Amino acid sequence: MKKKSMCLLLTLVMAASILTGCGDKKSESTQAEAGSSSKDADTTQAADNSKEDITLAFVGPQTGDNAEYGKSMKTAAQIAVDEWNEKGGVIGRKIKLVDFDDANSSEQAASIAEKIVGDSSISAVLGHFSSGVGMTAGEVYQESGIALINGSAAHMDFAKVGDCIFRNNAIYTTDANTMLQIMDYLGVKKIGTINPNNDAGVAVTTAIQDMLERYGDQYSGELVLAELYEDGTVDFTATVAKFQQAGVEAIYSSGPYSATAPFIQQYREKDKDVKFVMSAACFSQEFIELAGKDANGVVLGTSFFYESEDPAIQSFAKKFEEAYGSNPSTFAAQVYDATNAILYAIEAGNSAERADIVKNLPNTDFQGVTGKITFDEEGNCLKEQVLLEIEDGKYVEIPDVLKSQADWEAEHIK
Amino acid sequence: MLLEQILNGVMLGMVYALIAVGYSLVFGILRLLNMAHGSIFAFGAHMALFAVAMQWGMPAAFVFSILMTGLLGMAMDRVILAPLRAKNAPNITCLISVIGVSYIIQNMLMICFDSTKKTFPKLFDFGNVEIFGVTLTSAQIMMFLIALVFLVILTIIVNKTKIGLAMRASRENSKAANLMGIDVKKVVTFTFFLSGMCAAVAGVLVSGYYQMVYCTMGTDAGLKGFSAAVLGGIGVLYGSVVGGIVVGVAEALAVAFLGGSFRSAIAYVVLFLVLLIRPSGLFGKDNIDKV
């Protein structure tokens, strides 16, 4: 009897491992395929003119807390690739997207980056989610001269890793300015901030403090309490009490929606009047689902809004909705533009060589769904943001409130 | 401010206490650290989520979750631990096995339910209550009361019922208990069922309190619950409650006076300090370990 049950257990465990094994094998086989095609490319050479597919890599969290971001960014990249393939590809070759899961962890991202640079068939890399994770992997890409365009990192130093590293997202300095403009618009005096205690969270807190130090007299708000929290925190009651004690009227949170949603819920239970200002990380349907009715009234700045009348945005939003089942987030849209930027660079240089892509990316100039896509000397794309408010579980645009940082500076700093 | 933070800590402590009793129950009888308890807690929450998604209603979801999770605890004992005990396997073998089980459960949840955070309905919402100038939410108060009632019921089961007597007898000396006609195997299985039920009750209450469910919810909470059990003296039920509250209050005060980044560090510093002074925990009996 005991032996029987033991046997049964072992069989079950084996069956389970086979099942889970299958899931992994799929991605392994695509990687193996990519690997074998690279060997072919090496032997037949004539890299540019060969009719081999051009391979782009997408890396992002497909599991873990930030999986939704990773999956939606991957969908967006795939949409861009499919659009080019429908038009016949780029420089006469089809484009293929291979994806890797870094679970938004620096350790995994570094080993995936090594894998990517070692696979000579991959021409350029898209993605990575958090700044810190992307910067760890970025060192590896920079060293081997392959381009990375990210659509979600906001750390000021992200693109400073090197000339191969680009990003299509608002940097924290811009976010800080946007946030302070929103606070002015809301007419609040006492501001609190809550950010995760990681590279990104510390950087945004510093950016806000710098901004206030430099231009403090230009804003009506004042930062009274800047809080950090451990990644993975779900109980914010103690932090909420601290904010209440400090008498803040509005809170800014830059963290992912999975942490921001419980924070808002626990705050709303104690205080119905406090105002919440979020970053683009909370511009996602999942945020509204998780936060429920407490999401109403939240405002945020984003470089992308799917209800814009621009036909390109409408077309992208429709395709995304069909593929993913919800409206695209800012990060997804920014990765879509980033994918296009790489493909334009390949077209401009008539080459899918890694070095040629890196050389041509700084000349990028096109109108994307997240505004005009150009890169400055560091590799940052300046973003203009619009103000959104959540009303009855929907994002609604409040036009003509936010100014681009350049316009704001021109107006306020003489 | 101080009082409010202490009360916040007490509420959080009840979450840990609910998880801690599960560790204590099993350890009390088997001298085994059930490291899978955190995952079983997450399993309980997901079962309730499943029932809610099937629109069976909250009471049915609660019962369904308790039964399924109790059965999971029982199955774990029958299929894995009982054969190991029958072969007189050392305790460390059992410990490694349950750690393995913990990962199997967690990954199964990830495969079946996705790895994202999912929303869970709020259990209680009838406004806030003010006590000594401190505002407490209905969710906090109800969770505190239900946890308290549940822990009292558990204590009564262990101390006043026949099966409880059998459990305590098996704890003192399982061979002698066997000779006295107690079916120790059944008692052990029942203990696992009970510990699974505890995990489910904790899972549903905590999910309703934070309004969300996710696969890894047992990792951090499980570790804190375990610390609470050790702090209060593992194997002693009311010790788990006191331990949980101490850990919870330490966390809340750390956040209040040092900032959110010190939350876990301070909780463990308190744990060390208590264990330095009382190595067997606040209410633990001396020389409890006869492994």
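**Aromatic rings**

Phe316(A) and Phe320(A) sit about one helical turn apart, because they are four residues apart in helix H10 (residues 311–324) of chain A. Helices here are DSSP runs (H or I, at least four residues), numbered from the N terminus. The model is predicted: local features need pLDDT of at least 70, side-chain atom pairs count only at pLDDT 80 or more, and totals for chains, interfaces and linings use all residues. Residues are numbered from 1 along each chain as its sequence is written, chains are lettered from A and ligands numbered from 1 in the order written, and side-chain values use heavy atoms, without hydrogens and water.

The search of the whole structure gives 30 aromatic pairs over all chains. Rings of Phe, Tyr and Trp (its six-membered ring) pair if their centres lie within 6.5 Å; planes under 30 degrees apart are stacked, over 60 edge-to-face, the rest tilted. Phe316(A) and Phe320(A) make a tilted pair, 5.9 Å centre to centre with 55° between the planes. Both residues are buried, meaning under 20% relative accessible area; exposed is over 50%, partly exposed in between (1.4 Å probe, protein chains only).

Trp56(B) counts as partly exposed because its relative accessibility is 42%. Phe64(B), at 19%, counts as buried.

Key:
Helix = DSSP H or I, 4+ residues; strand = E, 2+ residues; numbered from the N terminus.
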